[in-house]
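Dear colleague,

I am passing on the structure below for you to look over. My notes follow it, and I would be glad if you read them with the coordinates open.

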Amino acid sequence: MRVALLSYRSKPHCGGQGVYVRYLSRGLAELGHEVEVFSGQPYPELDEGVRLTPVPSLDLYRESDPFRTPQPSEIRDGIDLLELGAMWTAGFPEPLTFSLRIARLLRERAGEFDVVHDNQSLGYGLLSLRRQGIPLLATVHHPITQDRTADLAAASLRRQLTLRRWYGFVRMQARVARRIGDVITVSRSAATDIANDFGVEPQRIHTVPLGVDTEVFQPRQRPRAPGRIVAVASADVPLKGVRHLLEAVAKLRTERPVELTLVSQLIKGGPTERLIEELAIGDVVRTVSGIDDTELAELLASAEVACVPSLYEGFSLPAVEAMACATPLVVSEAGSLPEVVGGNGECALLAPPGDTEALAQRLSSVLDNPTRARQLGEAGRQRALRRYSWTSVAAATVERYAAVIERTERAGQQRADRTRRGGRRRGTTTC
C-alpha cells in the first residue's frame, strides 16, 4: 500500500505523537508498504526508507520561543493569517491550519496514495479529502476533552476564560471524528471516552495498542541507582499529575534517601518549577529533556521505580517503556493505565489519581521490598514482550487500512450506480 501518514506536530523524543509516527512508519515500511509522513513542526525523526514531507506552519509554539510574533516576511498566505489571528486571540489553531495545508497539498497528489492516515489533527480540511473519495481514517490517542477538564479544574476563574478559548478546537475535532471513516485508538478506555465525549459510533472505533522497541528498552546489567524514581511527562500540564508526585517525593525524602528524575520540558517559571521551589526539593529533583530513546531507556533501567502519576492517560508509552526495562511501576488508577499494566497488580502498584499520600505509600512499598520490586519488573518485561510490539501494531493498522479502502471503494461504486440510474430515469420519455 501507499500510505500518507499525517501529524500536525511530531516532537521526536518523549512526545507520544512523534514516537507513534516514527515507529508506526518503521513498522509499515518493514511490512513492505510505502510510507510518506506529512508533518508540521517540530518534525519527526524517521527511519531510512520513510519519506518526510515538511508541512511548515508559522511554528508559533516552538519550545525556544513560545507564542512568538513572526516577521511580516514569514506570512505566506491566508492560512498563515488565520493561524496568527487565532493565536493572538488566545486560540490554538494548529490542528485546523495543518489540515487546511494538507488538503491543499493532497488535492494534487491524491492519486499517489491508497490511504490517508491522520494522527489526531482532526481538522476540517480532512473532510474535503473525504469528499474526494480518498480512503481516510484517524488515530485518536485520547479525546482532548480530558485535557480540557483537568486544566479547567486547576485554573482560576480568570484563567478559565482563556483556557476555554484555547480549547475551542476540541469542538472541531469532535465533529470531524464523527464524520471521518474509521477511528483507531490505543486502549479500550480511550475508545469509551471517544464514544462518550466525541459522539463517535462505537462500531467505528478500533483499538490498536501502541508498541515499544524491546531491543532499545530492556534491562541493563548495571545495578539500579538506590532511591531513584523516574517519571516521564510529555507536557507540563495538570493532567500529568506531576504535582502529586512532587508532593510524594517531598514526603519520602523525610524518611529515606530518594531522588527524582523528571523527563519533561518544563515551562520556565511555570507551576512545576514553582512547586519544586516551594517544597524545597530542588536538591533531589533533576529535570531532563530532549533525550533520545537510548538515553531514556538507560535512565528508566537505572531506576528502582518508575512512576506515572497522571490523572488521565489514553495509553501511556512511558509505562510500557518502563515495563520493557523491567523497572517496577507505580501508576495512577486512571484512564487506560490499569488496562496497560494489567489491573491485578502483576506489573505495577496502583494508586488513586491525585492522592499524594497513596502515591508516597506505593513508592515506599516498592523501595522497601527488593523482592517484590524484582517480581513487578520481571512481570512487566514479559508483558511488554507479549503484548506491545510495533510489528503487531503495524500489522493491525494495515488491517484497518484494508477495511477502509474496501468500504470507500464500495461507497464510490454505489454513488456511481445511483448516478447512472438517475441519468436513465431522466432520459426516459412517455408517450
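**Backbone and loops**

S316 sits in the loop between strand 11 (305–308) and helix 12 (317–324), where helices (H or I, at least four residues) and strands (E, at least two) are DSSP runs numbered from the N terminus. Please bear in mind that this is a predicted model, in which local features need pLDDT of at least 70 and side-chain atom pairs count only at pLDDT 80 or more, while totals for chains, interfaces and linings use all residues. Residues are numbered from 1 along each chain as its sequence is written, and side-chain values use heavy atoms, with hydrogens and water left out.

The phi of S316 is near 100°, a positive value in a residue other than glycine, and with 5% relative accessibility S316 counts as buried (buried means under 20% relative accessible area, exposed over 50%, and partly exposed in between, with a 1.4 Å probe and protein chains only). Q120, in the loop between strand 4 (115–119) and helix 4 (125–131), also has a positive phi, near 65°, and Q120 is buried at 5% relative accessibility. Most residues other than glycine have a negative phi, and most peptide bonds are trans. The peptide bond from Q41 to P42 is cis, with omega near -5°, and P42 belongs to the loop between strand 2 (34–39) and strand 3.

**The chain as a whole**

The protein chain has 16 helices and 13 strands. Its radius of gyration, taken over C-alpha atoms, is 23 Å, which agrees with the value near 22 Å that a compact globule of 431 residues would have by the rule of 2.2 Å times the number of residues to the power 0.38. The C-alpha atoms fill a box of roughly 100 × 50 × 40 Å along the principal axes.

Of the 431 residues, 55% are buried. Among contacts (heavy atoms within 4.5 Å) with a separation of 6 or more, 68% come from residues 24 or more positions apart. The protein chain exposes about 19,200 Å², of which carbon and sulfur atoms supply 50%; accessible areas come from the Shrake-Rupley method with a 1.4 Å probe, and for residues only the protein chains shown count as cover.

**Charges and salt bridges**

The mean positions of the 55 positive and 52 negative charges are 8 Å apart, where Lys and Arg count as positive and Asp and Glu as negative, with His and the chain ends not counted, and where a charge is placed at NZ of Lys, CZ of Arg, CG of Asp or CD of Glu. Side chains of opposite charge can pair when their charged atoms come close. The count comes to 29 salt bridges, each being a side-chain nitrogen of Lys or Arg within 4 Å of a carboxyl oxygen of Asp or Glu.

One of them joins R104 to D77, with the closest N and O atoms 3.1 Å apart. R104 lies in helix 3 (residues 94–107) and D77 in the loop between strand 3 (51–54) and helix 2 (78–88), so this pair ties together parts that are 27 residues apart in sequence. R104 is partly exposed at 38% relative accessible area, and D77 is partly exposed at 24%.

R101 and E83 form a salt bridge at 3.2 Å, N to O; R101 lies in helix 3 and E83 in helix 2, so the pair ties together parts 18 residues apart in sequence. Both R101 and E83 are buried.

In a further salt bridge, D283 and R253 meet at 2.9 Å, N to O. That pair links distant parts of the chain, 30 residues apart, with D283 in the loop between helix 10 (271–278) and strand 10 (285–288) and R253 in the loop between helix 9 (242–252) and strand 9 (259–263). D283 is exposed at 57% relative accessibility, whereas R253 is partly exposed at 31%. Beyond these pairs, R22, R26, E45, D47 and D213 are linked in a network of salt bridges.

**Around helix 8**

The buried residues of helix 8 (residues 188–198) are S189, A190, A191, D193, I194 and F198. Their cover includes helix 5 (145–154), helix 7 (169–179), strand 6 (182–185), strand 7 (205–207) and helix 13 (337–341). Just after helix 8, G199 takes a positive phi of about 75°.
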